[in-house]
Amino acid sequence: MGDAVLGGPTTGGYAQYTLLPARAAVRKPPEVSWTDAAVLPIAAATGYGAVRRLALPPGATLLVTGVGGGVGVAAAQVAAGLGLTVVGSAAEDKRAFVEELGVRFVASGPGLAARIPGPVDGVLDLVGGAVLHESAALLADRTKLVSGADRDAVAALGGAPVGPVRDPAILGAVVELVRTGALDPKVTRVIPFERAPQAVRAVEGGHGRGKTVLEMPG
């Protein structure tokens with residue numbers, strides 16, 4: 001009793017109190033802040049799960065489109081920790097942020113494929129649309145294509161969709177990476193709960209870096 005835990009509630013939304021199924025919870029180590037813990041169950045766990053699903057060998061090159069967001073930030077660090085070379089696309093104004101992750105930056109936009117430095121062995125798409133199609137064309141093996149942005153299109157291209165992960169084993173692994181300092185979820189903004197509508201609009205605008213956290217009163 002009294003253990004600090006974290007996990008993803010089944011109902012979603014924002015609230016000071018919620019119900020969390022015991023089977024979905026993992027213990028929060030004291031080394032992991034509550035601010036970081038808040039962003040691990042969805043974004044970081046999804047990024048971790050996507051990289052593990054691709055199962056690329058050390059030395060392989062992974063392209064992450066939309067790498068500057070919460071899922072991409074986690075995926076890039078997990079991939080690097082597994083010995084992969086990570087190439088990531090994002091808006092030009094995120095270049096410094098992305099390069100700090102040890103990622104080889106490529107500017108997003110039309111003609112992305114032509115800017116990729118060399119062959120890639122796997123793709124984690126977080127953008128969809130034309131970017132997904134361009135990225136798929138870079139792969140010799142489409143089973144190494146996953147997308148968190150367009151389920152139908154990625155399936156038609158021979159890849160697989162990835163979505164929110166609710167596996168406590170994966171969440172526990174992510175928490176351990178944060179505890180040891182191997183993963184930084186990159187919380188770049190902490191916004192008071194009363195400003196939740198503005199925070200959501202900013203995130204949905206697609207210009208954020210890393211993760212935004214709502215801070216509850218009291």
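Helices (H or I, at least four residues) and strands (E, at least two) are DSSP runs, numbered from the N terminus.

## Basis of the model

This is a predicted model, in which local features need pLDDT of at least 70, side-chain atom pairs count only at pLDDT 80 or more, and totals for chains, interfaces and linings use all residues. Residues are numbered from 1 along each chain as its sequence is written, and side-chain values use heavy atoms, with hydrogens and water left out.

Six strands form an open sheet in the order 5-4-3-6-7-8, with parallel pairing; two strands pair if DSSP finds at least two bridges between them. Strand 5 (104–107) and strand 8 (160–161) are at the edges and have a single partner strand each, so one side of each lacks a neighbour in the sheet.

Strand 3 and strand 4 run parallel and are joined by five bridges. In one of these strands, strand 4, T85 is the bridge partner of T61. Five of the five residues of strand 3 are buried, so the rest of the structure largely encloses this strand. Here buried means under 20% relative accessible area, exposed means over 50%, and partly exposed is in between (1.4 Å probe, protein chains only). On one side of strand 3 the buried residues are T61, L63 and T65, and on the other L62 and V64, which leaves both faces covered.

## Helix 3

Helix 3 covers residues 70–81, twelve in number, and reaches 17 Å from its first C-alpha to its last, close to the 16 Å expected at 1.5 Å a residue. The expected span is 1.5 Å times one less than the number of residues. Nine of the twelve residues are buried, which makes helix 3 mostly covered. Those nine are G70, G72, V73, A74, A75, A76, Q77, V78 and A79. After helix 3 comes G83, with a positive phi near 85°.

Why does Q77 count as buried? Q77 counts as buried because its relative accessibility is 14%. Leaving out residues up to four places away in sequence, Q77 touches L101, A182, L183, D184 and K186, where contact means heavy atoms within 4.5 Å.

## Nonpolar cores

A nonpolar core is a set of buried Ala, Val, Leu, Ile, Met, Phe, Trp, Tyr and Cys residues joined through side-chain atoms within 4.5 Å. The largest one has 43 residues, and L6, L40, L62, V98, L124, V174 and V175 have the most contacts inside it. Two or more residues each come from helix 2 (40–54), strand 3 (61–65), helix 3, strand 4 (85–90), helix 4 (95–99) and helix 8 (168–180). Helix 2 gives the largest share, seven residues. Another core, of 15 residues, lies apart from this one and has V87, V123, A136 and L139 among its members.

Neighbours within four places in sequence aside, V98 is in contact with V67, G68, A90, V103 and F105.

## Loops and rings

A55 is in the loop between helix 2 and strand 3. This residue is exposed, with a relative accessible area of 53%, and its phi is positive, near 50°, although A55 is not a glycine. K186 is in the loop between helix 8 and strand 9 (187–192), and its phi of about 60° is also positive in a residue other than glycine.

The charged end of K28 sits over the ring of W34, 4.8 Å from the ring centre. A charge sits over a ring if NZ of Lys or CZ of Arg is within 6 Å of the ring centre and within 35 degrees of the ring normal.
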